Amino acid sequence: MSSEPAMNKYVGGITNYKVSEGKAVEVTFRGHLDDTVIDILGGLRSTCICVNASKLKELTKRTTYIRVQEQENQIYN
């Protein structure tokens, strides 16, 4: 479902048939949400331009997705 702290907060704990997934990491304040959304939208626009997609639905037709088996973010370790 989610990390252990999230399960404790929203579900009331971890039952015996569920396991926690992921980590709970506190991230320092990086600015307002508006700026983050604008950055994400800019990245999406750039991606659409690079693959010649006029709509988000076209991304799956114009790109090849590669499954990454072992990806590890060294920052939080």
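**Helical architecture and overall dimensions of the chain**

Just after helix α2, Asn52 adopts a positive phi of about 60 degrees in this predicted model. An α-helix has 3.6 residues a turn, so residues three or four places apart point the same way. In the chain as a whole, the secondary structure amounts to 3 helices and 0 strands, and the order of elements along the sequence is α-α-α.

The overall dimensions were considered next. The radius of gyration of the chain is 18 Å, whereas a compact globule of 77 residues would have a value near 11 Å. Taken along the principal axes, the box filled by the C-alpha atoms is roughly 50 × 30 × 25 Å. Among the contacts in the chain with a separation of 6 or more, 13% are accounted for by residues 24 or more positions apart, and buried residues, with under 20% relative accessible area, make up 12% of the 77 residues.

As regards the surface, the accessible area of the chain comes to about 7400 Å², with 53% of this area belonging to carbon and sulfur atoms. The charged side chains comprise 10 positive and 9 negative ones, and a distance of 11 Å separates the centres of the two sets.

How values were computed
Residues numbered from 1 in each chain as written. Predicted model: local features only at pLDDT ≥ 70, side-chain atom pairs only at ≥ 80, totals over all residues. Heavy atoms only, no water. Helix = DSSP H or I, 4+ residues; strand = E, 2+ residues; numbered from the N terminus. Rg over C-alpha atoms; globule rule 2.2 N^0.38 Å. Buried < 20%, exposed > 50% of the residue type's maximum accessible area, 1.4 Å probe, protein only. Contact = heavy atoms within 4.5 Å. Areas by Shrake-Rupley, 256 points an atom, 1.4 Å probe, with all protein chains shown as cover. Lys, Arg positive; Asp, Glu negative; His and termini not counted. Charge placed at Lys NZ, Arg CZ, Asp CG, Glu CD.
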